[in-house]
Each structure stands twice: as C-alpha cells, then as structure tokens.
Amino acid sequence: MSDLGIRPIPRLEEPRKRRIGAFGGIEYVQYDGIFSGRTSTGKFRVPYRIAAPVNPEKGNQTVLVEPPHFNIALGARVFYLGEEFLFSRGFSHAGVGWSTTSFDGRNRRILDPTVPGVFINGGFIEENGRVDDEIISEFAKALKIDRIARRILGDIERRSITGFSDSSDPVLRLITSGLAEGVFDFALPFTAFGHDPQAAISAGLYDGKIIVVNSEFEGASSEFVDRGIELNQYRFYAVAGSPHIPDHLVFASLTTTNRTTPASFSPELRAHFLQGDKWVRKGKQPPVSHHLLAAADGTLIEDENGNAISVNASGERVPRLPFVELGEAHYIGDFIGTYESVKTIQQLGFDTHNDYLKALREKLADYLDAKNILKEEAEEMFRRATLCPPTTYTETYRDHYDNFVDIIPCP
C-alpha cells in the first residue's frame, strides 16, 4: 500500500493460452494466469482462467464469472451449463481462486492447486485455510479495466456470476454483503442453502437481477421462496424430483455421476440462465417463481406417486418435468438421487406406446409453455422417449442407458 494509503488496483499477469475449439462457429481460447493484489483485508496471489473468443468481436459482450467449487472447480462451465451451450452463444467465462481451504485433501476453490506461490492473507479463516470473497468482485472489476483482460475480452458490457452448492456460498455472500453491488448485473446461484438475497435487495445492497434454482434435495428452501416484494429483481425456481447432483449425461468420472436418476434440474437451469441474461439486456421479465409445496414444518407435500408438487406464489400447481407429471416413477431428490416403482405404459393406463407419447408430448408442451425448458432440449427429451418402444422415458433411461445418452434408437 502506498504512503497515501491508496490501495493498488489488483491486476492480471500475462497468461498462458491454448485453443479449446470451435463452438457454433466461434473459435475459443483458454487463458490461464495469476491474479494478484490486495483486497480491503489483505494481499493475495491466486490463479485465474478465462475462456473467450479468439476474436473478441465474436463474443456477446457478457462474461460469466464462476468461483470454483472445492471438488470440481468450474463445474457450471463444464457440466451444468456446458461449454457448447455458453460458447456457441458468444458468452465468455472467467474463474478465479478465492479460498485456500481444503476438504479431505481436495481444494479446487483455488482453481489450480498445482500453481506455486499462491496465497490469501485477507478475508477470514475457515478450517485449514482462508476465504476472501472480495477477490471475486475485484477480479470481476478488473475484467472491464485491466489491460490484459481488455485484450482478451474486448469491451465487456455485462458481468454475471454463478456458483453451485459450495460455490454458491460466495455468490450469495457477495450479494448480502453489498460487494456485488455495481459489479454483477445478474447472479445465478443454484443448489444453494442459507442466506436471504431478498432481504439484501430490499436493503439496497444489490440492484442487479438474481435467479436461484434449487433441486428437491434443498427442500422447502424457505429463505429463497419468492415473497413477491422484489419482482423486478428476483426469481426462485425449485425442480421437483431432482437431486442435488444430477446425471449430466456425460462420461463417468470421479467428478460426475451417471445412471442415478433421469430427473434433473439442468434443463430449467439453462432456460432460466438465458431468461436472466435477457432480463438484463432487454428488460424482459422471466416467468413467475415456483417452489415446492410444503407443510408448516417444512415437510414437502407429495402427490399420489410420492413426488413433490410445484406451485407458484398463489399456490397454483406449476408444470413439472413431464415424466414426473405422468407418474412414471417415484423420483427421489436425494444428494445424488434415485428412483423407484417404475411403471410400464400399461400400468400408466395407456394401451399403446403412441398413446403414451401423445400424453408425454402434452405434458412436455406444458413444461415448455411455462418456460421451464428450452425448445431444443424439449425436442431432445421427447426423442429420448421414442427410442425404444414400448418403454417409457424412465424405462429407457434404466434399461438402455447408452441409447438414452446418445439419443440412438434401440435395435
């Protein structure tokens, strides 16, 4: 710090770079470097990673900032939203280390634990390390003004932020502390616990837009249920039947799960992400919030198949995933998730597979009309239900998983 007490502006150091491919005809590069400086509480030196179009003019002038998750780092970029989804639409993505705390020897919060000379002196102590959320907001500020960031990203007009589970905490803390004010235009924390963003908005601590998306595992989520007081800034969506960690329909690895349950909040997450982006860019309001129907003690109320019920603020039922609406099984929204009591088309009350498909299409149309899924994903969902007659969507997932993932008809 200078003799005048002016804190130097944190800066990006020159990164390494490598091409990561073309998405929707847009060539992207990944940049890995060091972000260093001082927050209001102490010095830091942490890794950063930016993915952006080779030609910044090909981007959409929006960068999505993601604090890394302790176990799978930039999981929103890689799994939940996905690179093809983001990059084919021209979004840039940026992650930065924000915590040195490790859990069972794992710490991807720092983004890349192999980088030498990393430290965080400010923030607060958490178990065996330190956490400084302010690094994230300082990094986002630098993305607009830093010389290297401007060369990589061009002229950025909008900054959004997302995080899930462990990495949703810093997102919500930034909002409730006021550190997100004037920095992030849109926030999308998901599978989140605790905090109350509506109170922060009411207190004038954040003037951007925020959407929270939760699975059934997070339960009644009373702190997030839309109280209808900040309709120009806030939405909440809870997805019945879905687990905390969904099946991403990708290869199995230490950081992903598969064959757990066909019920997933990911289609809603992607739909609501684009709605939030349009909310910022064009002022178009997203659909009304919906939560899971619960008793006074927070216990979820279930339908005749054991599945949670989605309702809006008025208590009116809201369309759920089509196979949940049809009662194809009891979908258990656990940490990883599972399902039981899978029914055949006859047990569902249909004479033929075509009768079943007609009913599924109607439920899918309701889900699409409610703006809880994108058109292209609704089409994929319907194709999966047609792959292996006479099986249902859920039976195909259970019995013909490879066909289900690759959307290839059964022999």
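These legends describe close-up views of a predicted model.

Local features are reported at pLDDT of at least 70 and side-chain atom pairs at pLDDT 80 or more, while totals for chains, interfaces and linings use all residues. Residues are numbered from 1 along each chain as its sequence is written, and side-chain values use heavy atoms, with hydrogens and water left out.

View 1. The largest pocket has a volume of about 740 Å³. A pocket here is an open set of points on a 1 Å grid over the protein atoms alone, where a 1.4 Å probe fits, with protein on both sides within 12 Å along at least five of seven lines. Grid points are joined across faces, edges and corners, and the volume is the space filled by probe spheres set on the points. Lining residues have an atom within 4 Å of a point. The lining holds 32 residues, and those closest to the pocket centre are His248, Leu249, Arg270, Glu377 and Glu380. Two or more lining residues come from each of helices H1 (75-80), H2 (83-87), H7 (266-282), H10 (375-386) and H11 (393-399). Helices (H or I, at least four residues) and strands (E, at least two) are DSSP runs, numbered from the N terminus. H10 gives the most, with 5 residues. By class, the lining divides into 17 nonpolar, 6 polar and 9 charged residues. Nonpolar covers Ala, Val, Leu, Ile, Met, Phe, Trp, Tyr, Cys and Pro; charged covers Asp, Glu, Lys and Arg; the others, Gly among them, are polar.

**View 2. Helix H7 and the residue that follows.** The 17 residues of H7 should span 24 Å at 1.5 Å a residue, and the end C-alpha atoms are 24 Å apart, which agrees. The expected span is 1.5 Å times one less than the number of residues. Of these 17 residues, 13 are buried, so H7 is largely enclosed by the rest of the structure. Buried means under 20% relative accessible area, exposed over 50%, and partly exposed in between (1.4 Å probe, protein chains only). Just after H7, Gly283 takes a positive phi of about 75°.

**View 3. Asn372 in the loop between H9 and H10.** Asn372 sits in the loop between helix H9 (353-369) and H10. Its relative accessible area is 1%, so Asn372 is buried. Contacts (heavy atoms within 4.5 Å) are listed without residues up to four places away in sequence. Asn372 touches Pro267, Glu268, Ala271, His272, His290, Val318, Pro319 and Tyr367 on that basis.

**View 4. Helix H3.** H3 runs over residues 134-145 and has 12 residues. From first C-alpha to last, H3 reaches 17 Å, close to the 16 Å expected at 1.5 Å a residue. Because 9 of the 12 residues are buried, H3 is largely enclosed by the rest of the structure. The buried residues are Glu134, Ile135, Ile136, Ser137, Glu138, Phe139, Ala140, Ala142 and Leu143.

**View 5. The disulfide and its surroundings.** A search of the whole structure finds 1 disulfide (cysteine sulfur atoms within 2.5 Å). Cys388 is joined to Cys410, S to S 1.8 Å. The torsion about the S-S bond is about 65°, so the disulfide is right-handed. Cys388 lies in the loop between H10 and H11 and Cys410 in the segment after helix H12 (401-406), so the pair ties together parts that are 22 residues apart in sequence. Cys388 counts as buried, at 4% relative accessibility. Pro390 is also in the loop between H10 and H11. The peptide bond from Pro389 to Pro390 is cis, with omega near 5°. In the segment after H12, Ile407 has a positive phi of about 55° although it is not a glycine.

**View 6. Ser221 in the loop between S12 and S13.** Ser221 lies between strand S12 (209-215) and strand S13 (234-239). Ser221 is not a glycine, yet has a positive phi of about 50°. At 5% relative accessible area, Ser221 is buried.

**View 7. His330 in strand S16.** His330 belongs to S16 (residues 330-332) and is buried, with a relative accessible area of 17%. His330 and Glu340 are 10 residues apart in sequence, with their C-alpha atoms 5.3 Å apart. Beyond four places in sequence, His330 touches Asn305, Gly306, Asn307, Thr338, Tyr339, Glu340 and Ser341.
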